[in-house]
Amino acid sequence: MNAHSIQSPGRAAADISSYLFVPGNRPERFGKALAAGAGAIIVDLEDAVPAADKSAARDAVAAWLTPQQPALVRINAVNTPWFADDLAMCIDRGVAAIVLPKAEERDEIALISDRSRDAIALFPLIESARGIANVHALATERNVRRLIFGSIDFRLDLGIDGDDADELLYFRSQLVLASRLAQLSAPVDGVTTDLQDDVRLTADATRAKRLGFGGKCCIHPRQVDVVNRSFAPTAGEIAWAHKVLSAAQAAGGAAISLDGEMLDRPVYARAEAILARQLAR
């Protein structure tokens, strides 16, 4: 699957595990980003673009977007002078979805939905203490399809030093819980900033998957393949799932023991989910 397969805002998000950021002021990179193999690209008008280049970047994105090459667009935050023009461009060009940075209040989500007449999917980017405090309310707003964790800005906002096993565990779990309660696709984890350390990237992506995330953001094309492979079912998981479902079929769905493991309906459901993820790729 690649970004060309995203044809409408409703094409969700459940089977997309990699989102590749590309700076909005670098139009020569847009096509390369599309070809990188990510599930979707996010054209960035916010952090990647200096203030002096905001208008030119918006014009470049508007000129490039077509129904044949849709993309998500990270606009500037609601309280910035660029928000209104960014939003108008997204509505006019029919983007696949809007990524809203610094999402904190339900009114911000409702404002975008109202102005777009509910025509655009929304991906709130949770990157502050207030965003986490309100994450359950944000997740239930109309047109929200998926939450993204902005872990770098979040650490800065809370003064957290480090992003290993413990520091952000509670907050990541809040996104997973809010997404499930709101019946959204599993959330997307933030970026790994080291572009050369595939071991760290694999560990970060694998941890996110274990915690219940469904994808991860990338900031360079070379990260995409590692992230895709990390979220894909492993050969061992696929073999296990086939074995479990074959045993379940033979047992008529009753609880049984297989290789010393108790198998019942929740285990069968996990096996089905693994094979569904495999087929979606």
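Buried residues make up 47% of the 281 residues in the protein; buried means under 20% relative accessible area, exposed over 50%, and partly exposed in between, with a 1.4 Å probe and protein chains only. The model is predicted: local features need pLDDT of at least 70, side-chain atom pairs count only at pLDDT 80 or more, and totals for chains, interfaces and linings use all residues. Residues are numbered from 1 along each chain as its sequence is written, and side-chain values use heavy atoms, leaving out hydrogens and water.

**Whole chain**

Helices (H or I, at least four residues) and strands (E, at least two) are DSSP runs, numbered from the N terminus. Along the principal axes, the C-alpha atoms fill a box of roughly 65 × 40 × 40 Å. Among contacts between residues at least 6 apart in sequence, 66% join residues at least 24 apart. Contact means heavy atoms within 4.5 Å.

**Stop one: α2 and α3**

Select 54-64, helix α2. The axes of α2 and α3 come within 10 Å and cross at roughly 5 degrees. That makes α2 roughly parallel to α3. Angles under 35 degrees count as roughly parallel, over 145 as roughly antiparallel, 65 to 115 as roughly perpendicular and the rest as oblique. Axes are lines fitted to C-alpha atoms, for helices over the stretch in contact, and angles run from 0 to 180 degrees between N-to-C directions. Show side chains for R58, V61 and A62 of α2, and for D85, D86, M89 and R93 of α3; these make the contact. By class, the α2 and α3 contact has 3 nonpolar, no polar and 4 charged residues. Ala, Val, Leu, Ile, Met, Phe, Trp, Tyr, Cys and Pro count as nonpolar, Asp, Glu, Lys and Arg as charged, and the others, Gly among them, as polar.

**Stop two: α3 and α4**

F83, A84, L87 and I91 of α3 meet L111, I112 and R115 of α4. This contact divides into 6 nonpolar, no polar and 1 charged.

**Stop three: L122**

Move to strand β5, residues 121-126, and pick L122. Is L122 buried or exposed? It is buried, with a relative accessible area of 2%. Not counting residues up to four places away in sequence, L122 touches I98, I109, I112, S113, R142, N143, V144, R145 and R146.

**Stop four: two positive phi angles**

Zoom to K102, in the loop between β4 (97-100) and α4. Its phi is near 55 degrees, a positive value in a residue other than glycine. K102 counts as partly exposed, at 28% relative accessibility. Then go to Q183, between α8 (169-181) and β7 (188-189). Phi of Q183 is near 60 degrees, again positive in a residue other than glycine. Q183 is exposed, at 69% relative accessible area.
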